[in-house]
Amino acid sequence: MPGDEQFKQEVLRLAGHELLTCIQCGTCSASCPTARLMNPSIRRLIKLCLEGKKEEATHNETLWLCTSCLLCTSRCPRGIRPKAVVSALKDIAERAGLQGKDAAYEKFFLEQIKDYGRIAELALTAKFLLVFPQGAVQSMQMGLELLPRGKIDLKIEKIKGRDEVKKIIEELWKK
Amino acid sequence: MKLAYYPGCVSKSTGKEMDASTRAVSAALGIELVELPDWNCCGATHVSHELVATGLAARNMAQTNLPIMTACSICYSNLRAAAQRLEEPETLEKVNAVLDRKYSSAYSSAKIRHALDVILEALTEGDERIVVPLKELRVAPYYGCLLTRPQGVYSPQFPTILENLIKRLQAVPVDFRLKTFCCGGPIFMPQEKAADDIAFKILAEAKKAGAEVIVTVCPLCHLMLDAKQKVLEQKMGEKIGIPILYVTQLVGIALGLGPEELGLFMNSVSPMAMMERVYARLSE
Ligand code: SF4
Ligand code: SF4
């Protein structure tokens, strides 16, 4: 099957044309804290993009194992930003309607910023647990640590400029 | 010195002690903080669309002409990355088209300051305000990822600013191999196991290095190493028992500020035994 050229161009537009200079050296993978769990590796993910393999590049666990630590980006000898590639692929996948617990977490996060201007962790967690009940044990453990120390925000603070924030998200998202 | 202050969302929840200690230490060092009037979330690591993330950061930066100080490495990284991107005229134009108050191209990433660097600048060598020198205290300097990335004033792999500050407090920085390694925090909700493994590695390494305390500059690192420490110990079957302090809390102790002011009772792993050792060494 020939590669999806349109997909490749979209990745280049979002993550930078320097991607074309990747030499597949694997420095990014060697730097990555979650490399062990990634399949495809971050190096291979770059290759998949360049080959226009949209399906493989956007449907994998790798995107969601990236912690955004930017070590790959600091180290790449070609000045490529592998983390930006991950972000671009998440974006493309989310636009195409990708569902899943990880995508849902990002969606709820952005929705909260849109609605309140800020993040209220309790409300965010509650929403997330509805789509991923398996996270309940960890949330309980955290709650037991944080609640008695007064570190859970029970009320949601809303900023004044909510309309502006909403506009930022909705307008710039299209660009 | 007068700076705009960006507390970040965690200042209202899991990072309350970060906020409290930042304000207390700043006051003690004569750093005047003016909170940004209507700040919004920076998007943390969860807004994958770069232009949206840039817009969110730009709205914060457009609220002041003063340099902005934050104690959160994630906010710091996001504001800096955004200021760098806003140097491109095309990005600036797109972003300003949706902002009420425009981002000025006169602003720059150099105006974004981490509390760590502001504090180090304010403290002189042998500063008399250090009334509780942290003699012999073995401190693991944990940078995590985002203080030094994207590349700014610090080396992304071999930074030394935390060690410099630790020494200025008369404590001893331990040789800590994983100091710029990620804590796993950004994926801890949806990818619990992966995040736990990474965080535990850091704790175990600090213990091996003989640290009496780990100092952090990021609320997510703090959450992973402090609030989760007990659970991680149970899961991995190894006792760690190392207190995790925000850098502002450590500085505050050296400045003789009280535990209440520094939010020390909010830490999960109590630093009180460590503090007793500090005081005991003082009178030696
Ligand atoms: S480090 Fe850079 S050049 Fe090397 S494989 Fe990764 S993206 Fe390609
Ligand atoms: S930013 Fe993501 S892909 Fe790059 S090294 Fe960190 S976790 Fe791996």
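Which residues are around ligand 1? In this predicted model, where local features need pLDDT of at least 70, side-chain atom pairs count only at pLDDT 80 or more, and totals for chains, interfaces and linings use all residues, side-chain values use heavy atoms, with hydrogens and water left out. Residues are numbered from 1 along each chain as its sequence is written, while chains are lettered from A and ligands numbered from 1 in the order in which they are written.

The residues around ligand 1, those with a heavy atom within 4 Å of it, are A:Cys22, A:Ile23, A:Gln24, A:Cys25, A:Gly26, A:Thr27, A:Cys28, A:Arg43, A:Cys76, A:Pro77, A:Arg78 and A:Ile80.

In chain B, four strands (DSSP E runs of at least two residues) form an open sheet in the order E2-E1-E3-E4 with parallel pairing, where a pair requires at least two DSSP bridges. Strand E2 (32-35) and strand E4 (112-114) of chain B stand at the edges with a single partner strand each, so one side of each has no neighbour in the sheet. Further in, strand E1 (residues 2-5) of chain B pairs with strand E3 (residues 68-70) of chain B over two bridges in the parallel sense, and B:Ala4 has B:Ile68 as its bridge partner in E3(B).

Turning to the interface, the contact (heavy atoms within 4.5 Å) takes 60 residues from chain A and 62 residues from chain B. Six salt bridges are counted between chain A and chain B, each being a side-chain nitrogen of Lys or Arg within 4 Å of a carboxyl oxygen of Asp or Glu; B:Lys12 forms a salt bridge with A:Glu157, their closest N and O atoms lying 3.5 Å apart.
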